[in-house]
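User: Hi! I've got a structure open and would like to talk through a few spots in the backbone and some helices. Could you look at it with me?

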Amino acid sequence: MRIGVFVLAARFPGQGSGRVLADAVELITAAEQAGFDDAWIAEHHFMSYGVCPSATTLAAVAVGRTTRIGLGTAVSVLSTWHPVALAEQAAMLHHLSGGRFTLGVGRGGPWVDLEVFGTGMERFERGFGESLDVLVEALSGGRVGADGEFFRFRQVEVVPPARLRPVVACTSEATVGVAAARGLPMLLGMHVGDAEKAALVADYRARGGSADDHVAAGVAYVTDSTAAAVREVRESMPRWLGPGLAGYVPVDDRVRPMRNIPAYVDLLTRIHPVGSAGHCAETLLRTAEITGIERFILMVEGAGEHRRNVENIRRFGAEVLPLLAR
């Protein structure tokens, strides 16, 4: 089993963005010291849900502050990136990290980002597969060219060259199909439980997908008792999730879906490792058994205060990781 942290650079009320970003880097170094295998970084724009607009940039900073831990993006939003430019960034990180970097990409959402960056709804709705194909070719270690609907350019040599296989965030059947058709592993979100994750893995296999190294995201918070851990997360996370989720602004006139924040936090505490060390280990082992997934990235910023988040990482490393290694 491979266990990593999932760093959102979540800004709670009263926190400054610059301090949150600096704290995010410290969380990654703390995770390495605590024995985690990976640290994956999220990309968001124009919102407090996550104040890191470039996961590759933050990963580059983390490369220089760490020596062992794997680093990844969860995710770089392919709908607003040029795939060759993103491939170049990934190739640099691959070489600079000594092969510790994994590129995670996603379709993103129908948000105002598409307007600001000029890629539009067409790239989001119809262009994801084409963008992914260009990205995969650019990460094949050789040359890349395109003659499609969204990308047309002559063959060029990617410098520096690198052979990388991206991971694809999948939250819909359509995106599962895109990943399966290309044999790319999936990243499954923290908003779905074991049964839903198992169903997505089964759908992936039914569509001919060949990868078996999928990744599951979750929330992690460990303390002396499960009741105490659940209580603390229920008290702290809504302060971030409320204003954070409100930052998702649609690019058109569609109605933005609204979540019942307390109910959502309650779901997260029930389906993810939130509790005592034993409960956290049992939860992850159960998810692995039901879904077949043995690679996890866990959001560790739920306490809000940086000091408590670091303590959460240290306790998880000291108390939960040894139980998973048995």
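Predicted model: local features only at pLDDT ≥ 70, side-chain atom pairs only at ≥ 80, totals over all residues.

User: Good to know. Now phi: what is it near for Ala9?

Analyst: Phi of Ala9 is near 55°, which is a positive value in a residue other than glycine. Ala9 sits in the loop between β1 and α1. Phe46 is another residue to look at: its phi is near 65°, again positive in a non-glycine residue. Look for Phe46 in the loop between β2 (38–41) and α2 (55–65). As a rule, most residues other than glycine have a negative phi.

User: Back to Ala9 for a second, buried or exposed?

Analyst: Ala9 is buried, since its relative accessible area is 0%. Ala10 is buried too, at 7%, and is found in the loop between β1 (2–7) and α1 (17–34).

User: What does Ala10 touch, not counting residues up to four places away in sequence?

Analyst: Ala10 touches Gln15, Val20, Ser48, Tyr49, Trp240 and Glu301.

User: Which residues of α11 are buried?

Analyst: The buried ones are Ala277, Cys280, Ala281, Thr283, Leu284, Thr287, Ala288 and Thr291. Viewed down the axis of α11, the buried residues fall within an arc of 160°, so they line one face of the helix. On the other side of α11 you'll find Glu282 and Glu289 exposed.

User: What follows α11?

Analyst: Gly292 does, and its phi is positive, near 80°.

User: How do α8 and α11 cross, right-handed or left-handed?

Analyst: Their crossing is right-handed. The axes of α8 (residues 194–206) and α11 come within 9 Å and cross at roughly 30°.

User: Which residues meet there?

Analyst: From α8 you have Asp194, Lys197, Ala198 and Val201, and these meet Arg286, Thr287, Ile290 and Thr291 in α11. Sorted by class, the contact has three nonpolar, two polar and three charged residues.

User: Last one, Leu200. Which helix is it found in, and does it count as buried or exposed?

Analyst: Leu200 is found in helix α8. At 16% relative accessibility, Leu200 counts as buried, because the cut-off for that is under 20%. Setting aside neighbours within four places in sequence, Leu200 is in contact with Cys170, Val176, Met186 and Leu188.

User: And how far is Leu200 from Phe117?

Analyst: Their C-alpha atoms are separated by 31 Å, and the two residues are 83 residues apart along the chain.

Key: Residues numbered from 1 in each chain as written. Heavy atoms only, no water. Buried < 20%, exposed > 50% of the residue type's maximum accessible area, 1.4 Å probe, protein only. Helix = DSSP H or I, 4+ residues; strand = E, 2+ residues; numbered from the N terminus. Arc of directions from axis to C-beta. Contact = heavy atoms within 4.5 Å. Axes fitted to C-alpha atoms, helices over the stretch in contact; angles between N-to-C directions. Left-handed = near helix turned anticlockwise from the far one by under 90°. Nonpolar A, V, L, I, M, F, W, Y, C, P; charged D, E, K, R; others polar.
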